[in-house]
Amino acid sequence: MPKNDLLSLSRQIDIVFKELEKEMAHLDSGNVFVQIRNNMIGKFGIRHNPISGRNGEWSGVEEGLTAMQIKSFRQMAIESLKFKNHWTHGEISYEFAIRKGLLMVDTVIESNYNMANHMIRYPRATYSEANVE
């Protein structure tokens with residue numbers, strides 16, 4: 001596999017979806033997440049409930065996403081990167097479900113900042129310095 005620092009974020013998303021393709025083929029809903037640090041994907045995966053209970057009985061997923069739905073999902077995920085602005089650390093979460101045979105996807109884009117990084121750029125003023133006017 002090529003080094004990650006040579007890959008664009010959209011190419012990394014493409015690789016993530018190809019890696020998760022077999023798992024998504026057995027799911028009809030869930031949440032794909034990617035954690036980003038310095039515009040590089042570190043951790044990624046799927047959160048889902050593989051079984052659900054109704055009327056006192058457990059049932060598994062009958063059908064998962066089709067190959068065409070997975071391809072469409074991957075394209076939507078890559079397109080969603082257009083809404084990521086001016087941040088390099090965070091998480092993108094794609095909630096998906098099949099409803100009446102249609103793939104529904106909601107995207108949440110979360111930026112994260114580390115205060116320690118800001119304190120280096122903007123040294124902390126002491127109370128005595130702050131009160132001098």
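In the predicted model, helix α1 (residues 9-24) lies across β1, β2 and β5 and runs at about 25° to β2. Helix α2 (residues 67-80) lies across β1, β5 and β6, at about 30° to β6. Helices (H or I, at least four residues) and strands (E, at least two) are DSSP runs numbered from the N terminus. Axes are lines fitted to C-alpha atoms, for helices over the stretch in contact, and angles run from 0 to 180 degrees between N-to-C directions; contact means heavy atoms within 4.5 Å. The model is predicted, with local features requiring pLDDT of at least 70 and side-chain atom pairs counted only at pLDDT 80 or more, while totals for chains, interfaces and linings use all residues. Residues are numbered from 1 along each chain as its sequence is written, and side-chain values use heavy atoms, with hydrogens and water left out.

The protein chain has 4 helices and 6 strands, and from the N terminus on its elements run α-β-β-β-β-α-β-β-α-α. Of its 133 residues, 31% count as buried, where buried means under 20% relative accessible area, exposed over 50%, and partly exposed in between (1.4 Å probe, protein chains only). Among contacts between residues at least 6 apart in sequence, 58% join residues at least 24 apart.

An open sheet is formed by 4 strands in the order β2-β1-β5-β6, with antiparallel pairing. Strands β2 (40-47) and β6 stand at the edges with a single partner strand each, so one side of each is left without a neighbour in the sheet. On average, neighbouring strands of this sheet are turned by 15° against each other, direction ignored. Two strands are taken to pair if DSSP finds at least two bridges between them.

Strand β1 (residues 29-37) pairs with β2 in the antiparallel sense over 6 bridges, and Asn31 stands opposite Arg47 in β2. The two strands form a hairpin with 2 residues between them, and Asn38 in the turn has a positive phi of about 55°. β1 also pairs with β5, in the antiparallel sense over 8 bridges. In β5, Glu91 is the bridge partner of Gln35 and Ser93 that of Phe33.

Strand β5 (residues 90-99) is mostly covered, with 7 of its 10 residues buried. Its pairing with strand β6 (residues 102-111) is antiparallel and extends over 10 bridges; Ile92 has Ile109 in β6 as its bridge partner. β5 and β6 form a hairpin with 2 residues between them, in which Lys100 in the turn has a positive phi of about 50°.

Helix α2 has 14 residues and reaches 20 Å from its first C-alpha to its last, close to the 20 Å expected at 1.5 Å a residue. The expected span is 1.5 Å times one less than the number of residues. The buried residues of α2 are Gln69, Ile70, Phe73, Arg74, Ala77 and Ser80. They cover an arc of only 140° around the axis, which puts them on the same side of α2; the arc is that of the directions from the helix axis to the C-beta atoms. An α-helix has 3.6 residues a turn, so residues three or four places apart point the same way. On the other side of α2, Ala67 and Met68 are exposed. The buried residues of α2 pack against α1, β1, β5 and β6.

A search of the whole structure finds 4 aromatic pairs. Rings of Phe, Tyr and Trp (its six-membered ring) pair if their centres lie within 6.5 Å; planes under 30 degrees apart count as stacked, over 60 as edge-to-face and the rest as tilted. Phe17 and Phe73 form an edge-to-face pair, 4.9 Å centre to centre with 75° between the planes. Phe17 lies in helix α1 and Phe73 in helix α2, so this pair ties together parts that are 56 residues apart in sequence. Phe17 counts as buried at 0% relative accessibility, and Phe73 is buried with a relative accessible area of 0%. Phe73 also forms a tilted pair with Phe96, at 5.2 Å centre to centre and 50° between the planes. That pair links distant parts of the chain, Phe73 in helix α2 and Phe96 in strand β5 being 23 residues apart. Phe96, like Phe73, is buried. Ring pairs link Phe17, Phe73, Tyr94 and Phe96 into a cluster.
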